[in-house]
Amino acid sequence: MALAEAAKPEVKQLVIADLGAVLRAGIADFRRAPQFGLFFSAVYVLGGFFLIWLGAGHVSWILATSLGFPLIAPFAAAGLYEVSRRMEQGQPLDWDGVLGIVWQERTRQLPWLGAIIVIYFLFWTFLAHMLFALFMGLSTMTNISDSWDVFFTLNGLTMIAVELVVGAILAFLLFSLTVVSLPLVLDREVDFVTAMLLSLQTVRENLVVMLVWAMFIAVLTLVALLPWFLGLMVVLPVLGHATWHLYRKALA
């Protein structure tokens with residue numbers, strides 16, 4: 001059921017200093033209960049090794065990335081949010097309680113958000129292939145496992161630049177749709193459309209702060225990917241806990 005107009009939370013004004021505060025709170029939550037963060041982040045790390053085993057570039061890899069990770073992500077995030085929520089309210093931290101909440105979310109609004117994310121990733125996969133065909137379709141292709149020379153041509157460099165710009169825009173739009181909506185549907189009885197609209201409103205009214213947060217997440221996640229995904233074991237739970245605290249600061 002959608003929130004009545006009078007019951008809708010008020011979007012608060014954020015400042016850059018709030019990002020430091022929520023990050024410190026995320027680190028504190030992870031240090032207080034690392035077993036939960038390590039458990040949920042292990043899904044991503046093990047999934048990354050599984051995708052390598054499948055073989056990058058194959059159809060199976062694309063399907064696993066487009067369907068598997070986006071569908072699991074909201075439920076893994078919900079577990080981290082629930083841990084932070086319980087700490088905030090002084091409730092006991094136990095596996096039955098935390099995993100029970102994650103299991104209950106399957107019948108609420110979270111699967112709808114997961115479906116939106118899946119569709120979004122499928123659209124980006126399709127668009128990326130279309131951009132590749134647009135710029136490289138008439139080029140003489142080589143096996144990129146042997147040589148990357150084709151990407152250093154004018155068409156190749158232009159394609160990379162366009163895909164980076166388009167990808168960044170689409171990534172920020174997805175961030176805007178989910179940064180507040182994911183913790184919101186866990187915390188309150190609100191439908192996923194209302195939650196996404198509130199998330200967009202929060203980003204719009206705090207655009208500079210949210211842009212900085214989105215770029216920080218992107219850079220930190222990229223760095224965490226480099227040592228065989230192992231950095232994600234720490235980065236993902238810290239960011240998950242921090243996102244809960246950002247949500248609490250952003251909505252009154």
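With a relative accessibility of 16%, D18 counts as buried (buried means under 20% relative accessible area, exposed over 50% and partly exposed in between, with a 1.4 Å probe and protein chains only). The model is predicted, so to speak of local features pLDDT must be at least 70, side-chain atom pairs count only at pLDDT 80 or more, and totals for chains, interfaces and linings use all residues. Residues are numbered from 1 along each chain as its sequence is written, and side-chain values use heavy atoms, with hydrogens and water left out.

The side chain of D18 meets that of K249 in a salt bridge, at 3.9 Å from N to O; this term denotes a side-chain nitrogen of Lys or Arg within 4 Å of a carboxyl oxygen of Asp or Glu. Because D18 sits in helix α1 (residues 16–32) and K249 in helix α10 (residues 232–250), the pair ties together parts that are 231 residues apart in sequence. Helices here are DSSP runs of H or I with at least four residues, numbered from the N terminus. K249 is partly exposed, at 31% relative accessibility.

Turning to R108, this residue forms a salt bridge with E105, with 2.5 Å between the closest N and O atoms. E105 is buried at 2% relative accessibility, whereas R108 is partly exposed at 23%. R108 also forms a salt bridge with E189, the closest N and O atoms being 3.2 Å apart. This pair links distant parts of the chain, 81 residues apart: E189 lies in the loop between α7 (181–187) and α8 (192–205), and R108 in the loop between α4 (95–104) and α5 (110–136). E189 is exposed, with a relative accessible area of 60%.

Overall, the structure holds 9 salt bridges, and E82, R85, R86 and D94 are linked in a network of them.

Conventions
Helix = DSSP H or I, 4+ residues; strand = E, 2+ residues; numbered from the N terminus.
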